[in-house]
Amino acid sequence: MKAIVLRDLGDAENLKLEECPDPVAAPGEAVVALRAAALNHRDVWIRRGQYAGIKLPIILGSDGSGTVRSVGAGVDPAWVGREVVVNPSLDWGNDPRVQGPNYRILGLPDNGTYAEMIKIPATQLAPKPSHLSFEEAAAIPLAGLTAYRALVTRARVQPGETVVVTGIGGGVSTFALQIAKAIGARVFVTSGSDAKLAKAIELGADGGANYRTGDWVQELVQLGGGGGPDVVIDSVGGETLDHAVSLVKPGGRIVTYGATTGAVKNLEVRRVFWKQIDLMGSTMGTPAEFTDMIAFYEKHRLKPVIDRVFPLDEAPHAHRRMEQAGQTGKIVLRIE
Ligand SMILES: NC(=O)c1ccc[n+]([C@@H]2O[C@H](COP(=O)([O-])OP(=O)(O)OC[C@H]3O[C@@H](n4cnc5c(N)ncnc54)[C@H](OP(=O)(O)O)[C@@H]3O)[C@@H](O)[C@H]2O)c1
């Protein structure tokens, strides 16, 4: 098979198309002929050497969709020929509240989806939603799962509640917006770009505030009708998380799943306890949450937002596009 292999850390040009041995399914595994893969920021950070536990050479990629080509012993042969999406959340463990010690994300240290084929435990597969193309289905797994657990399992967002999603330009944020709207919440967003705010409103957001040009906390309080939101979903971290503590209504919930701008230097702890805020961490999700999330996409006929599709051999261009942060939505690799 052909795959994009990273042998040396550094520039996007280090992602090279190579001929690799075809994977063979071990007991409990399936081999999937991939039709599409999608990028995550994680891939760029690994390529640059800014990620823990790097091992080389590696085939990057956490997100993928395709058709099952063969299965190993102990796997139902009915899987062969099925169109599937791959769950990148590996070995979660037995406790649904937190991942166990063997937990890892597909694409490091295990070889990932920038390839014509992948072998993976069959328990990581879910049927591809019938209304989605392979490219659309490949865009969902990592970001969709992260957003789903944050909103549904952790924040328990209810219809009619108000949710704020910070940094709507982020890959996961777009999924959070979509899922929260499908639940029936009112959703407000923040961005440093008016164009991204306009795009979010096109996608269903009820309004937004630009964090570069004004007091976004005050703007969102006013947009929401005077009180703060019930829930803030944040991956920006830093002072944005502290502002979320000011913004959320008393008794509200904040879920953090990322820290793009780093640690919170001035968290106003008194506000956290006096307002009786639930501050929750979240990361990826369990196998059951993955199945539920895919079923949610099928039930609500949701389609992920795709920025651009590149052929597999143009993976370096796809990485550069992500580094330039020009995208809205997922960057996808098409695999012929
Ligand atoms: N825990 C998990 O399972 C998990 C999974 C996926 C991602 N993550 C983490 O989540 C974060 C987001 O990842 P991503 O790939 O979805 O998004 P991303 O592409 O890294 O984008 C993050 C967004 O944050 C906003 N932002 C950046 N600097 C900001 C600032 N100074 N103030 C306010 N907003 C700012 C920007 O929004 P605008 O462009 O709209 O201005 C940007 O588009 C990363 O830290 C990532 O590591 C965690």
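Start by selecting strand E10 (residues 162–165) and strand E11 (residues 186–191): four bridges join the two, and they run parallel. Strands here are DSSP runs of E, at least two residues, and helices are runs of H or I, at least four residues, numbered from the N terminus; two strands pair if DSSP finds at least two bridges between them. Within this pair, Val-164 faces Phe-188 of E11.

The model is predicted, so local features need pLDDT of at least 70 and side-chain atom pairs count only at pLDDT 80 or more, while totals for chains, interfaces and linings use all residues. Residues are numbered from 1 along each chain as its sequence is written, and side-chain values use heavy atoms, with hydrogens and water left out.

Now widen the selection to the open sheet of six strands, ordered E12-E11-E10-E13-E14-E15 with parallel pairing. E12 (207–210) and E15 (278–281) are the edges; each has a single partner strand, so one side of each lacks a neighbour in the sheet.

Next, select strand E14 (residues 253–256) with E15: four bridges pair them in the parallel sense. Arg-253 is opposite Asp-278 in E15. Follow the chain from E14 through helix H8 (residues 269–274) to E15; this β-α-β crossover is right-handed (clockwise from the first strand over the helix to the second, with the strands pointing away from the viewer).

Last, select helices H6 (residues 216–223) and H7 (residues 238–247). In H6, Trp-216, Val-217, Leu-220 and Val-221 meet Thr-240, His-243, Ala-244 and Leu-247 of H7, where contact means heavy atoms within 4.5 Å.
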